[in-house]
Amino acid sequence: MKRITGILLVFTLVFAACSKDDEGGSINPNNFDRQGMLANWADNIIIPAFSNFKNSTQDLEDKTTAFTSDPSEANLAELRAAFETAYLDFQTVSMFEIGKAMEINFRHFLNTYPADASAIEANIAGDYDLTSVNAYDQQGFPALDYMINGLGETDAEIAAKYASEDYKTYLENLASRINSLTAEVNSSWQGDFRDQFVNNTSSSSTGSIDKFTNDYIMYFEKFIRSGKIGFPAGAFTGTPSPGNVEAYYSEDFSRALYIKALESVQDFFNGKHFGSSETGKSFSQYINYMQPAMETENLASQINAQFDAIISQAETLNESLAAQVQNDNSKMLAAFDELQKAVVLLKVDMIQVLYIGVDYVDSDGD
């Protein structure tokens, strides 16, 4: 019923906008440079971010090979550094689950957590198929986290595990698969998909802007609000679950991943070029273009202010979100509340201003 109501509301708004256009008194969303915005997204944000991430996953695979060839504590430290760099860089591309990434379930294969440690150990001892959709939680960054941080109490104990060829092979397979899947997505953006994405300027549910806007909001709602904060904090069940935090086996790293994801989402909203302070056409500009017709307060400024509030609150959390849940879960629940305010601004207000229909339903309740 909630979805039907939303669709009717959008159709009503679109009809109203078209009516006003006919009278010559309103702004037509199609007059905004939609292709210019898509080009900025593709050329200055998405493609450079994936290219950078591909370099990180290649380094991760290389450091993995170096470690399995010589499983010393020094090489373990090098591998962990490469792991953290790649995991942070993943936060800059995770929102772009469109095209090849959507086709191959990129995000699910790379970052389904918590990792299933029992299944991973069974895989190491027997046969396994990492291409199976039933193996999401046995691979990717969460599984790597377990393999390099969760196999012992000390670095010496963890390194000693890699006297076993079975552990070496599994670790190599994890790193290789992350790199190969990333190469596949990166290659698609370097090839024909870029033009398909940029040229699909239709203002329909199949247009690039409409499809990606839904993906962007869903990512924020389900994978940042719910995944990184809501589930560990027990926001939906009332029962805190620190084992559900991202990067559970790494100490003092989960907050950094959370903040990196938040910053990436806000930068994209403002059309900020990857690795630069320069900006281009964006959601923010599109909203400002449309707002005179909506006669509302400056929504782009409201959204940016809420993003700032979320990041400011995030910086007060413990570097280990698991420790934050265990020691003072009220701050995690406060983080969830701040995130939910942004969900409303994006999923209700921004959608209405841009005349875009919501094409998914969140089952977590909002």
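This is a predicted model: local features need pLDDT of at least 70, side-chain atom pairs count only at pLDDT 80 or more; totals for chains, interfaces and linings use all residues.
**Reading a helical chain: surface, backbone and packing**

User: Turning to the backbone, which peptide bond is cis, and where is its proline found?

Analyst: The bond in question runs from Tyr 113 to Pro 114, and its omega is near 5 degrees. Pro 114 belongs to the loop that connects helix H5 (106-111) with helix H6 (117-125).

User: What is the phi of Ala 247, and is this residue buried or exposed?

Analyst: Ala 247 has a phi near 55 degrees, which is a positive value in a residue other than glycine. The residue sits in the loop between helix H11 (208-233) and helix H12 (254-269). Burial is judged against a cut-off of under 20% relative accessible area, and Ala 247, at 4% relative accessibility, therefore counts as buried.

User: Where does Tyr 355 lie, and what is its phi?

Analyst: Tyr 355 is located in the segment that follows helix H16 (329-354), and its phi, again for a residue other than glycine, is positive, near 55 degrees. Because its relative accessibility is 12%, Tyr 355 counts as buried.

User: How should I read the packing of two helices, and at what angle do the axes of H2 and H9 cross?

Analyst: In general, two packed helices are described by the angle between their axes and by the distance between those axes. Here, the axes of helix H2 (residues 34-69) and helix H9 (residues 165-190) come within 9 Å and cross at roughly 160 degrees. Angles over 145 degrees count as roughly antiparallel, so H2 and H9 are roughly antiparallel to each other. As for handedness, the crossing in which H2 passes H9 is left-handed.

User: Which classes of residue form the contact of H2 with H9?

Analyst: Sorted by class, the contact of H2 with H9 contains 13 nonpolar, 10 polar and 4 charged residues.

Conventions:
Residues are numbered from 1 along each chain as its sequence is written. Side-chain values use heavy atoms; hydrogens and water are left out. Helices (H or I, at least four residues) and strands (E, at least two) are DSSP runs, numbered from the N terminus. Buried means under 20% relative accessible area, exposed over 50%, partly exposed in between (1.4 Å probe, protein chains only). Axes are lines fitted to C-alpha atoms, for helices over the stretch in contact, and angles run from 0 to 180 degrees between N-to-C directions. Angles under 35 degrees count as roughly parallel, over 145 as roughly antiparallel, 65 to 115 as roughly perpendicular and the rest as oblique. A crossing is left-handed if the near helix is turned anticlockwise from the far one by less than a right angle, and right-handed if clockwise. Ala, Val, Leu, Ile, Met, Phe, Trp, Tyr, Cys and Pro count as nonpolar, Asp, Glu, Lys and Arg as charged, and the others, Gly among them, as polar.
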